[in-house]
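The sequence and structure are shown first.

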Number of protein chains: 2
Amino acid sequence: MQRDGDRRVRRTRALLHQSLIELIMAKGYTRVTVQDILDHADVGRSTFYSHYNSKDDLLVESGSDHLRAMIAKASASPGDPAAADDDPLLPALLIFRLAGANRQLYQSLIGGRGSAKVVSIAKGMLTEVFTDHLRRARPATDAIELEPTVAFLVNGLMGLLIWWLDTRPDLAPEEVYRRFVHLATCGVLT
Amino acid sequence: MQRDGDRRVRRTRALLHQSLIELIMAKGYTRVTVQDILDHADVGRSTFYSHYNSKDDLLVESGSDHLRAMIAKASASPGDPAAADDDPLLPALLIFRLAGANRQLYQSLIGGRGSAKVVSIAKGMLTEVFTDHLRRARPATDAIELEPTVAFLVNGLMGLLIWWLDTRPDLAPEEVYRRFVHLATCGVLT
DNA sequence: CGGTTAGTGAACATACTGTTCATGATTGAT
DNA sequence: ATCAATCATGAACAGTATGTTCACTAACCG
């Protein structure tokens, strides 16, 4: 199968990609510098900048790939006992499972040791996902009302996710999802 | 009235404090450098570092003072038509009004032009406030359940706040508060 | 007034960023 | 197998910001 691009390009990008992840787990995203990545991947400075514009750029690209792959894999398995197939909050279950399966990485990315910038990038991705999903699941909903609702929902989700990873990593993803659904649909006062 | 400390110290701190706020409104927090602050306040580099360890340090100190003053002023006015005095989400109304009264500053701080780091500092403050308030308003609530609930609530609040400041600055604080209460107590699907 | 404390400004070490360019190595296609 | 196109290299460079130091001067408080 003919993958796209030059073999050298694939090699370099994979190297940078992999180095970033390892360094994130070792030091937390904020403390990783481009220089660290170059040293760890043993790649020239000019090479890095011919592929990416910045550390963030590399993260976003790597992250998107990672997420797309995960989503493709997960959405191919319907009939989950933990949630109905038409659950309007279903994407959240995927997120929690993703985070649960890579706790150290996700903790280093968005938890206390991570970066607020990463959180905001992640929120951007989640906002897209939930906007699409909710629009499809409840087409009657007024578009004007959707924006603030998604903003509230996605941020609440991130808050719960960070809390989980930082202070209660012992909980199962499904348990956290259950709490999320309860908070999001029944309100915080019940 | 004998205020504490040397007059020169007060002068310098006030100067740095004021410069930071003006620069934030002009460029957004992220793009303000220590150098900018020094230039604008016309203060020596060594002077800055003898008072604060970093830009963040200055922000936190200034911000705490600011918030304390605002909260003291606002909580002295009970009997509000927009909310019952015993509303468990009442602190949110205060926040929205605060942001509404200083939109440009708050927008530069936590909106798109602001910094994710500032947002996380703000969330820390809000978490304290809501934990206290909810514990008092609903003493029966299990402490174990309180943490994730507050995490969800505070993050949702921030999300709505950012959405408001970034895309719908025309809405009144009370209107946003109404939406917030609805989302937080009735759920996102209604 | 006089001892103490604070501010000054310049210099310095350090660290990271992003760009440039001539050189040599790989690659994919013919 | 060859070859032109593409990519990686590494070193150098300019730019920016950080945080520290120190000898000197000025302002303050009692």
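## Salt bridges and polar contacts at the interface

In this predicted model, two salt bridges are found across the interface of chain A and chain B. One of them pairs A:Arg179 with B:Glu145, and the closest N and O atoms of this pair are 3.4 Å apart. Six residue pairs, both members at pLDDT 80 or more, are in polar contact between chain A and chain B.

The side of chain A that touches chain B draws at least two residues from each of α7 (116–137), α8 (143–167) and α9 (173–186) of chain A. Helix α8(A) gives the largest share of that side, with 15 residues. By residue class, the side of chain A that touches chain B comprises 16 nonpolar, seven polar and six charged residues.

## Extent of the interface

The size of an interface is often given as the accessible area lost when the parts come together. Between chain A and chain B the buried area is about 2700 Å², and carbon and sulfur atoms give 69% of it. Of the area that chain A buries against chain B, 27% is supplied by A:Phe152, A:Val188 and A:Leu189, more than by any other three residues. In terms of residues, 29 of chain A are in contact with 29 of chain B.

## The nonpolar core

The largest nonpolar core contains 110 residues, and those with the most contacts inside it are A:Phe96, A:Phe180, B:Phe96 and B:Phe180. Leaving aside residues up to four places away in sequence, B:Phe96 touches B:Leu157, B:Leu160, B:Leu161, B:Trp164, B:Pro173, B:Val176, B:Tyr177 and B:Phe180.

B:Leu93 belongs to helix α5 (residues 90–101) of chain B. Its relative accessible area is 3%, so B:Leu93 counts as buried, the limit being under 20%. Beyond residues up to four places away in sequence, B:Leu93 touches B:Asp80, B:Ala82, B:Ala83, B:Glu174 and B:Tyr177. B:Leu146 is 53 residues from B:Leu93 in sequence, and their C-alpha atoms are 20 Å apart in space.

In chain A, A:His51 is part of helix α3 (residues 45–51). Is A:His51 buried or exposed? A:His51 is buried, because its relative accessible area is 19% and the cut-off is under 20%. The side chains of A:His51 and A:Arg13 are joined by a polar contact of 2.9 Å. Not counting residues up to four places away in sequence, A:His51 touches A:Val9, A:Thr12 and A:Arg13.

How values were computed:
Residues are numbered from 1 along each chain as its sequence is written. Chains are lettered from A and ligands numbered from 1 in the order in which they are written. This is a predicted model: local features need pLDDT of at least 70, side-chain atom pairs count only at pLDDT 80 or more; totals for chains, interfaces and linings use all residues. Side-chain values use heavy atoms; hydrogens and water are left out. Contact means heavy atoms within 4.5 Å. Buried area is the accessible area (1.4 Å probe) that two parts lose on being put together, summed over both. A salt bridge is a side-chain nitrogen of Lys or Arg within 4 Å of a carboxyl oxygen of Asp or Glu. A polar contact is a pair of N or O atoms within 3.5 Å; within protein, one must be able to donate a hydrogen and the other to accept it, and residues adjacent in sequence count only if both atoms are side-chain atoms. Helices (H or I, at least four residues) and strands (E, at least two) are DSSP runs, numbered from the N terminus. Ala, Val, Leu, Ile, Met, Phe, Trp, Tyr, Cys and Pro count as nonpolar, Asp, Glu, Lys and Arg as charged, and the others, Gly among them, as polar. A nonpolar core is a set of buried Ala, Val, Leu, Ile, Met, Phe, Trp, Tyr and Cys residues joined through side-chain atoms within 4.5 Å. Buried means under 20% relative accessible area, exposed over 50%, partly exposed in between (1.4 Å probe, protein chains only).
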